[in-house]
Amino acid sequence: MHHRSFVIGCVLACCSLAAQVVCAQEKTKGESEKTVKETYVGPAGDRVIESLKNNNDRELAESYEALAKKFRDNGNYKKAEEYFKKALASFKKLNNKDAISRVARSLAKVQEKQQKNEEAVFYYTTASNACLLYTSRRG
C-alpha cells in the first residue's frame, strides 16, 4: 500500500513538472511572437524611409500615421504614440485640419490605452478644435 502511494505521488509530480515545462515553452513562444509582431512593421516602415529620401512632407506625415497604426494594431501603444505625435506634427506643418483631427483622435485613444488620461483629453480637444476649423472653412 505504501509503495502504491509512492508511485501515485511520483506520477503526479511528473505530470505537474511536464505541465510546467509546456507552460514555460508556450510563454516563451508567445513572447517571441509578440516581439516579432512589435518589431516587424513591413511596408509602413519602408514608406517612412522612402518619404524621408524623397523629402515629401505630405507623404511622410501619411507614412508616420500608417506606421503608428501598425504599432497600435500590434498592441505597442508606446511606439504608436510616438509615431502618431510625429504624424500630428507633420500634418500641423502642412496645416491639414482634417488629418490633424483624425490623428489627434487616434493619439488620444492610444494614450487612453496607456492610462494617460490627461494627455488624452488634450488631444481629444485638439481633434475637436481642428474639426471645427475644418468644417467652418468648408462652409
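User: What share of the protein chain's contacts with a separation of 6 or more comes from residues 24 or more positions apart?
Analyst: Such pairs supply 45% of the contacts in the protein chain with a separation of 6 or more, where contact means heavy atoms within 4.5 Å. This is a predicted model, in which local features need pLDDT of at least 70, side-chain atom pairs count only at pLDDT 80 or more, and totals for chains, interfaces and linings use all residues. Residues are numbered from 1 along each chain as its sequence is written, and side-chain values use heavy atoms, with hydrogens and water left out.

User: How many helices and strands are there?
Analyst: The protein chain has six helices and zero strands. Helices (H or I, at least four residues) and strands (E, at least two) are DSSP runs, numbered from the N terminus.

User: How do helix 3 and helix 4 cross?
Analyst: The axes of helix 3 (residues 57-73) and helix 4 (residues 77-94) come within 8 Å and cross at roughly 160°. Axes are lines fitted to C-alpha atoms, for helices over the stretch in contact, and angles run from 0 to 180 degrees between N-to-C directions. The two helices are therefore roughly antiparallel to each other; angles under 35 degrees count as roughly parallel, over 145 as roughly antiparallel, 65 to 115 as roughly perpendicular and the rest as oblique.

User: Which residues of helix 3 and helix 4 meet?
Analyst: Among them, Tyr64, Leu67 and Phe71 belong to helix 3, while Tyr83, Phe84 and Phe91 belong to helix 4. By class, this contact has 12 nonpolar, one polar and nine charged residues. Ala, Val, Leu, Ile, Met, Phe, Trp, Tyr, Cys and Pro count as nonpolar, Asp, Glu, Lys and Arg as charged, and the others, Gly among them, as polar.

User: And at what angle do helix 4 and helix 5 pack?
Analyst: They pack at about 160°, with axes 9 Å apart. That makes helix 4 roughly antiparallel to helix 5. The contact of helix 4 with helix 5 has 12 nonpolar, two polar and five charged residues.

User: Changing topic, is Gln111 buried or exposed?
Analyst: Gln111 is buried, with a relative accessible area of 0%. Buried means under 20% relative accessible area, exposed over 50%, and partly exposed in between (1.4 Å probe, protein chains only). Gln111 lies in helix 5 (residues 97-113).

User: What is Gln111 in contact with, leaving aside its neighbours within four places in sequence?
Analyst: Gln111 is then in contact with Glu81, Lys85, Lys116, Glu119, Ala120 and Tyr123.

User: What percentage of the protein chain counts as buried?
Analyst: Of its 139 residues, 28% count as buried.
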